[in-house]
Structures are given as structure tokens and as C-alpha cells.
Amino acid sequence: MSNYKPGLDYAKEQDTLDELASYRQQFHIPKDKNGKELIYLCGNSLGLQPKSTKTYINQELEDWANLGVDGHTHGKNPWLGYHEFLTESTAKLVGAKPIEVVTMNSLTANLHFMMASFYKPTKERNKILIESDAFPSDKYAVESQLRHHGYDDKEGLILWTPREGEELLRYEDLESLLETHGKEIALVMIGGVNYYTGQFFDFKRITTLGHKHGCMVGFDCAHGAGNVNLDLHNSGADFAVWCTYKYMNSGPGSLSGCFVHERHAHNKDLNRFTGWWSHNKATRFNMRHEFDVLPGAEGWQLSNPPILSMAAIKASLDLFSEVGFDKLLKKSKKLTGYFEYLLKALGEDTIRIITPEHPNERGCQLSIQVLKADKTLHTKLTEAGVVSDWREPDVIRCAPAPLYNSFTDVYLMVEKMKTILN
Ligand SMILES: *Cc1c(COP(=O)(O)O)cnc(C)c1O
């Protein structure tokens, strides 16, 4: 896609031609103190609020007010099976079968629950392989799992590291790590889209490689869900987890999604932590039964879920379903490609994009590395009304989200950058 053009007119023309442009109006766009809309490029951290969210949550507040406990069975959307309202659309969004997904808990908690089942260390095979620059919470979770099982958290970690002077990870290096250490590795756990560089990994390639060496393979898709085509089922991954408050626009601290591959759906012998919500729905309320686990990802639930948070997720998923993820991805590639084009056209050597160039190896985020880790560029962008984030040591992350960002947003952001750099 190299037929981008410079100038504000081009950006405006693209917005006019964009069939998804009207969805911006369905979101609350934060404003500055003068009431002017900010250029919000931070959906990688917290997605914006759909205007419909309030209606969805109010419905449940109303049922609670009017029905009390009977809302579980007689509400407009009965709470007992509320999580099932999210199953189909979640499965579609992440490329899974309905039996493979569930919404529950928060992200790091789910990562632990998945490791309770899929990290099964033995005397010979007890290590965990992660990216050297994994998201801190994932690294802490993995280290604590090692300690929990009585292993040293340094010796037990095998890091997939970029080469000297590079930021992105190379598959050849993963291959040789597995050639050397494959027999010692119990679990390969990768951040599906790296939070720092924006590199979107080839799940199928990593999974096939991990399985060839006898490892379990899981992905943290916090930066992938709602952003890239995860195709989880076909990847063959054993499990995946993600949050819903980044690209899935479901509100701060909202619940997490979880994928368990169909091949594990009916394995009752798989060790797991359980609660009453993992138990057979038909006999759950007999309260006396021997434990009888639900098939599929639902069998990993513990508790009855927070309906208010799920209502926000439902509001957002309904929007995604209405738009169609394929259309969204198409716009996303065009919008981020345009962003890249404009940044490169600045011809500035104080900044450098470290995110992969190939549209299939990234989502909408571009990570802009700033020379000498000069944070003032980010501070000035913020003062100029651009919401992005700074990640230590030296990167500004910007994510034009195709549901609510426009070509004009991207154009104006780069114009502001140009002014600041001059
Ligand atoms: C955002 C993010 C988290 C955050 O974890 P929570 O448990 O939701 O606080 C964890 N891991 C990754 C890779 C993330 O991007």
C-alpha cells in the first residue's frame, strides 16, 4: 500500500471514503480542558468507551433494582447464563470455536489458572520459555509458577532474546533454543503481540515448533484480541488469555478472555483449580453432588461472574459483530500503513519505528523509538493533545484503533510531531 499521499486533504478524503468512519460517533472521545477532542492513540492501553455501554450496564442495574435475586433467572438477560451471551462473538473475534472460549477473572489470574493445567513440570522437563522482553506481569507470573513448583526462577526461565542491536525476535533463534533446550522445556508462553515492539508472532509456527519438542504452548493475547487476526483454533495453541479493556473497549480492569484448545475440552483428567462455576450446569444447584466438570473452556470458571463488567463487554462485542472484524482489519492495515508512511516522510533521524514493517507481523500499534531516550518528545505530544504512552526505556507507543480513530487523527498527530521536532 504505497499510494498514500501527503497533506490534510488526503486524510480528509480517506475519512470520507471510509465506510467505518461513522463508528467514531459511537464512542466517547476524551476532550481537553477547552472541550476540544484529544487525539486518542492509546487504545493499546485502555480502549475508549462505546456510548452504548451505559445502556447495557443500566439494564442490569435496573433488573437488580426491580428483581433482586430473581434477576438471575428472570432478568431481561438472566444472569445465571450471562457469560454465554459473550461466547459466540468472542469465539469469532479470536478465531476459536465456542467451546474453546470463556470470559472470566482478570488476565494475570487466568494466566495462572492456565498454567495450573498446562505447566506440568517433571524432573527432566520443568523450564518455561518466554520472550526476554515479556510484559512484566507475565514474567512475574511465570517466575512465581517456577517457585511454586520448587524450581529456581532464574534457572527455570529460558529467554528468547533479540540479537545484539536488534529489537525484534527471530524465529531461527527460537528454533535453536528449542533444539538445545527443547527436552527441558515444559511450557512455551509468548506475548502474542509484544507490548513493547508491537511484533505480532506467527502462532502456528511457534506452536508447531513447541509441540515438536514436546512442550505445551500458550499465548498472552492482551495486545492481540480485537486488534489482529488471532486464529487461535487453527494455530493449535494449547491455551491463550487476553484482557478486554485494551482493544476490546470494555472498561478499566474488565474481565479477561480465555481459550483452551478443543483437544483438551473433554479431558477430565487435566488438573485444574475448580469452583462451582466449573461444575455441570444441570446439577450445579443441587449443591451436594460429586464434582462433575463442564466440558471446554467453561470448565475453568470458578465463580459466578461480575455481570456489570460483562455487560460492558457485551456492549463492545455487539459493536465488533456489527462492524465485522474483517472490515476492521482492512481499515486497520490501511490506517497504520498511512501512519507509518507519514512518520517516515518526516525524514527525522531522532525517531525510528521499531515495529515490523510487514502488515501481517503487527497490529495497529507503532512503537516509535526516540533517540537518546529523550522523553520530552512524549511530554510535548501530550501537551499538544495527543494521548499516547511512553514505555521505558525509549519508546512512544501509538495505536490508531480502526473503530474510532480517523485518518485525520493520524495526520494531525504527525503534524504535531513535526512541529515539536523542528
Ligand atoms: C495489559 C497486559 C497485562 C495486564 O494484566 P492484568 O492482569 O489485566 O492487570 C498482562 N500481560 C500483558 C501481556 C498485557 O499486555
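This is a predicted model: local features need pLDDT of at least 70, side-chain atom pairs count only at pLDDT 80 or more; totals for chains, interfaces and linings use all residues.
## Two domains

Let's start with the overall layout. The chain splits into two domains. Domain 1 is built from two stretches, 8-51 and 324-421, while domain 2 covers 77-321.

## Where the domains meet

How many residues of each domain are in contact with the other? Domain 1 brings 35 residues to the contact, and domain 2 brings 23. Together the two domains bury about 2400 Å², with 58% of that area on carbon and sulfur atoms.

One salt bridge is found across the interface of domain 1 and domain 2. Arginine 352 and glutamate 167 pair up through their side chains in a salt bridge, with 2.9 Å from N to O. Between the two domains, 13 residue pairs are in polar contact.

Which elements give two or more residues to the side of domain 1 that touches domain 2? They are α11 (325-345), β10 (366-370) and β13 (395-398). Of these, α11 makes the largest share, with three residues. Sorted by class, this side of domain 1 holds 16 nonpolar, twelve polar and seven charged residues.

## Around the ligand

Now to the ligand, which is surrounded by Leu107, Thr108, Phe135, Asp138, Asp220, Ala222, His223, Tyr245 and Lys246.

Aspartate 220 places a polar side-chain atom 3.1 Å from a ligand nitrogen. Histidine 223 has a polar side-chain atom 3.0 Å from an oxygen atom of the ligand. For tyrosine 245, the distance from a polar side-chain atom to a ligand oxygen is 2.5 Å.

## A glycine in a loop

Finally, where does glycine 275 sit? Glycine 275 lies in the loop that runs between β8 (256-260) and α10 (307-323). Setting aside residues up to four places away in sequence, glycine 275 touches Phe291, Gln301 and Leu302. Valine 293 is 18 residues from glycine 275 along the sequence, and their C-alpha atoms are 9.5 Å apart in space.

Note on methods. Residues are numbered from 1 along each chain as its sequence is written. Side-chain values use heavy atoms; hydrogens and water are left out. Domain bounds come from an automatic or database domain assignment. Contact means heavy atoms within 4.5 Å. Buried area is the accessible area (1.4 Å probe) that two parts lose on being put together, summed over both. A salt bridge is a side-chain nitrogen of Lys or Arg within 4 Å of a carboxyl oxygen of Asp or Glu. A polar contact is a pair of N or O atoms within 3.5 Å; within protein, one must be able to donate a hydrogen and the other to accept it, and residues adjacent in sequence count only if both atoms are side-chain atoms. Helices (H or I, at least four residues) and strands (E, at least two) are DSSP runs, numbered from the N terminus. Ala, Val, Leu, Ile, Met, Phe, Trp, Tyr, Cys and Pro count as nonpolar, Asp, Glu, Lys and Arg as charged, and the others, Gly among them, as polar. A residue is near a molecule or strand if one of its heavy atoms lies within 4 Å of it.
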